[in-house]
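Could you walk me through this structure in a short briefing?

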Amino acid sequence: MKCPYCGDQESKVVDSRHAEDSASIRRRRECLACGKRFTTYETVESLPIVVIKKDNSRQSFDRNKVLNGMVRACEKRPVSLAEMERAVDEIEQIIQNSLEREIRTSVIGELVMERLKPMDEVAYVRFASVYRQFKDINTFMQELNKILEER
C-alpha cells in the first residue's frame, strides 16, 4: 500500500475492524518511512453480471429492479422490507457465486419465486402471474392448485 504522504510502499497495519457497511474492512496503517498514519478500506471485488432479457438484449444486473418487483408483489401484504432485502441479498449472492457472468431473466424470476413462496403465497401468485404471463384464468387456476396440493 502506497503512503499518501511520502509515497513509500512499506506500511504496517495498526488496527482492523469492520466498516459501518459491514461489506468492507477498515484498516489503519502506519507508514514505515515517514511514520504517518492513514486509513484504507478492503472490499471483495464483485464481477459485473449481465442480464439477458427475453428479447435477447443485455443489460447490467440491477438489484433494485429485483427488489422493486418484490415490493410490487408484496404490496399491502404482511412482508417487511427487511425480509425482501434479505431475499434479494440471497439472490444476488447466488448469482455472484455462479461461474456464469451472464444470466437469463427467467433464472432470476425463478429465484425470486422460490423466495416469495414461503414468505407470502399471495405475493408469490402476484409475481408469478406477471412473470409467467398467465394468458387466462385456467393457467392462473393451475398455479393456485399447485400451491394447494403442496400444503
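Serine 24 sits in strand 2 (residues 24-31); helices (H or I, at least four residues) and strands (E, at least two) are DSSP runs, numbered from the N terminus. This is a predicted model, in which local features need pLDDT of at least 70 and side-chain atom pairs count only at pLDDT 80 or more, while totals for chains, interfaces and linings use all residues. Residues are numbered from 1 along each chain as its sequence is written, and side-chain values use heavy atoms, with hydrogens and water left out.

**Serine 24 and its surroundings**

- Serine 24 counts as buried because its relative accessibility is 6%; buried means under 20% relative accessible area, exposed over 50%, and partly exposed in between (1.4 Å probe, protein chains only).
- Leaving aside neighbours within four places in sequence, serine 24 is in contact with His18, Ala19, Tyr41, Glu42 and Thr43, where contact means heavy atoms within 4.5 Å.

**Salt bridges**

- A search of the whole structure finds nine salt bridges, each being a side-chain nitrogen of Lys or Arg within 4 Å of a carboxyl oxygen of Asp or Glu.
- One of them joins glutamate 42 to arginine 27, with the closest N and O atoms 3.0 Å apart.
- Glutamate 42 lies in strand 3 (residues 37-43) and arginine 27 in strand 2, so this pair ties together parts that are 15 residues apart in sequence.
- Glutamate 42 is partly exposed at 41% relative accessibility, whereas arginine 27 is buried at 16%.
- Another salt bridge links aspartate 89 and arginine 63, whose closest N and O atoms are 2.9 Å apart.
- Here aspartate 89 belongs to helix 2 and arginine 63 to helix 1, so the pair ties together parts that are 26 residues apart in sequence.
- Aspartate 89 is partly exposed, with a relative accessible area of 39%, and arginine 63 is partly exposed at 24%.
- Salt bridges that share partners join Arg63, Asp89 and Glu92 into one network.

**Helix 1**

- Within helix 1 (residues 63-73), the residues Val66, Leu67, Gly69, Met70 and Ala73 are buried.
- They lie on the same side of helix 1 because they cover an arc of only 160° around the axis, the arc being that of the directions from the helix axis to the C-beta atoms.
- As a general rule, an α-helix has 3.6 residues a turn, so residues three or four places apart point the same way.
- The cover over the buried residues of helix 1 includes helix 2 (81-97), helix 3 (105-119) and helix 4 (121-131).

**The nonpolar core**

- The largest nonpolar core has 28 residues, and Ile95, Ile108, Val112 and Leu116 have the most contacts inside it; such a core is a set of buried Ala, Val, Leu, Ile, Met, Phe, Trp, Tyr and Cys residues joined through side-chain atoms within 4.5 Å.
- Helix 1, helix 2, helix 3 and helix 4 are the elements that give two or more residues to this core, and helix 4 gives the most, with six residues.
- Not counting residues up to four places away in sequence, isoleucine 108 touches Val51, Phe61, Val66, Ile95 and Ile103.

**Positive phi angles**

- Most residues other than glycine have a negative phi.
- Asparagine 56 is not a glycine, yet has a positive phi of about 70°; it is found in the loop between strand 4 (50-52) and strand 5 (58-60).
- Lysine 76, also not a glycine, has a positive phi of about 60° and is found in the loop between helix 1 and helix 2.
- Asparagine 56 is partly exposed at 46% relative accessibility, and lysine 76 is exposed at 77%.
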